[in-house]
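Me: I'm new to this structure and would like to go through it slowly. Can you help me with a few questions?

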Amino acid sequence: SIMRPNYVLINLIKHMQKNGKTKSYILSNLDMGTYAYLCDHYPDIFALFQDSVISAEVGMMKPSHEIYTHILKTNNLSPGACLFIDDQQENI
């Protein structure tokens, strides 16, 4: 299922971005091969995101506190202004 887009979520992201103020980021535990495959096959979806933090690339994994801090710091984000969505309960 990770190899197919979740269009309900994609449509929600598009709807949220319509005002021009909402930004979206990817924070994923994917391996780099799978991430590259998905980027190659769904470039229009990945264009919706301002940045991607991939655990295999940064050496941290969800649900480790460090990876959440990493994406916040590298993108100058305030935790209180963010909404985190994940398909794994243990990551939330």
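What follows is a short chat about a salt bridge, a helix and a loop residue in this predicted model.

Me: How many salt bridges does a search of the whole structure find?
Reply: The search finds one, and it is formed by Lys 62 and Asp 86, whose closest N and O atoms are 2.6 Å apart.

Me: And what does that pair tie together?
Reply: Lys 62 lies in the loop between helix 4 (55–58) and helix 5 (65–74), while Asp 86 is in the segment after helix 5, so the pair ties together parts that are 24 residues apart in sequence.

Me: Is Lys 62 buried or exposed?
Reply: Lys 62 is buried, and Asp 86 is buried as well.

Me: Switching to helix 1, which of its residues are buried?
Reply: In helix 1, which covers residues 7–17, the buried residues are Ile 10, Ile 13 and Gln 17. Seen down the helix axis they fall within an arc of 60 degrees, so they line one face of helix 1. What covers them includes helix 3 (43–46).

Me: What does the face turned away from the buried side carry?
Reply: That face of helix 1 carries the exposed residues Val 8 and His 15.

Me: Last one, where is Asp 31 found?
Reply: Asp 31 is in the loop between strand 1 (25–28) and helix 2 (32–41), and with 41% relative accessibility it counts as partly exposed. A polar atom of the Asp 31 side chain lies 3.0 Å from the backbone nitrogen of Gly 33.

How values were computed
Residues numbered from 1 in each chain as written. Predicted model: local features only at pLDDT ≥ 70, side-chain atom pairs only at ≥ 80, totals over all residues. Heavy atoms only, no water. Salt bridge = Lys/Arg side-chain N within 4 Å of Asp/Glu carboxyl O. Helix = DSSP H or I, 4+ residues; strand = E, 2+ residues; numbered from the N terminus. Buried < 20%, exposed > 50% of the residue type's maximum accessible area, 1.4 Å probe, protein only. Arc of directions from axis to C-beta. Contact = heavy atoms within 4.5 Å. Polar contact = N/O pair within 3.5 Å; in protein donor to acceptor, adjacent residues only side chain to side chain.
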